[in-house]
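Me: Hi! I would like to learn how to read a protein structure, starting with pairs of charged side chains. Could you walk me through one?

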Amino acid sequence: MPLMRRRPLLRAAAVGGGAYYAGKKRQESQYREMEQEQRLSDVEMQQQAAPAPQPAAAAPSSGVTSDMIEQLKQLGQLHEQGVLTDEEFAQQKAKLLGN
């Protein structure tokens with residue numbers, strides 16, 4: 001008889017433990033979602049607070065096109081991110097400008 005009594009208790013403990021674990025996981029996922037929403041709203045606030053970019057100045061008449069300007073901007077971003085070294089940046093810029 002004692003064995004029959006233990007199984008329902010064991011089953012209840014397993015079900016209770018599973019429910020506890022599921023509740024903890026749900027709470028963690030909700031916490032992560034709240035953090036993500038907070039980060040998104042912070043980014044949106046920063047973008048709204050940032051001044052609107054000034055219109056680009058007219059390209060010099062030395063043959064620099066808007067496509068070349070975009071490529072120079074991309075090179076600058078790669079250089080800032082550390083993907084390109086100073087030497088590589090200078091070489092690519094000179095190659096793009098035809099110097």
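Me: How many salt bridges does the chain have?

Reply: Let's start with the idea: side chains of opposite charge can pair when their charged atoms come close. The rule for a salt bridge asks for a side-chain nitrogen of Lys or Arg within 4 Å of a carboxyl oxygen of Asp or Glu. By this rule, the count here is 2 salt bridges. Please keep in mind that this is a predicted model, where local features need pLDDT of at least 70 and side-chain atom pairs count only at pLDDT 80 or more, while totals for chains, interfaces and linings use all residues. Residues are numbered from 1 along each chain as its sequence is written, and side-chain values use heavy atoms, with hydrogens and water left out.

Me: Which side chain does Glu28 meet in a salt bridge?

Reply: Glu28 pairs with Lys25, at 3.7 Å from N to O. The general idea is that an α-helix has 3.6 residues a turn, so residues three or four places apart point the same way. Here Glu28 and Lys25 are 3 residues apart in helix 1 (residues 2-49), so about one helical turn separates them. Helices are DSSP runs of H or I with at least four residues, strands are runs of E with at least two, and both are numbered from the N terminus.

Me: And which residue does Lys73 pair with?

Reply: Lys73 forms a salt bridge with Glu70, at 3.8 Å from N to O. These two, Lys73 and Glu70, are also 3 residues apart, this time in helix 2 (residues 66-81), and about one helical turn separates them.

Me: Is Lys73 buried, exposed or partly exposed?

Reply: Relative accessible area decides: buried means under 20%, exposed over 50%, and partly exposed in between (1.4 Å probe, protein chains only). Lys73 has 46% and is partly exposed, and Glu70 has 42% and is partly exposed. In the other pair, Glu28 is partly exposed at 36%, and Lys25 is partly exposed at 39%. Of the 99 residues of the chain, 6% count as buried.

Me: How many helices and strands are there?

Reply: The chain has 3 helices and 0 strands, in the order α-α-α along the sequence.

Me: What span does helix 3 reach?

Reply: The expected span is 1.5 Å times one less than the number of residues. Helix 3 (residues 86-97) has 12 residues and reaches 16 Å from its first C-alpha to its last, close to the 16 Å expected. Just after helix 3, Gly98 takes a positive phi of about 80°.
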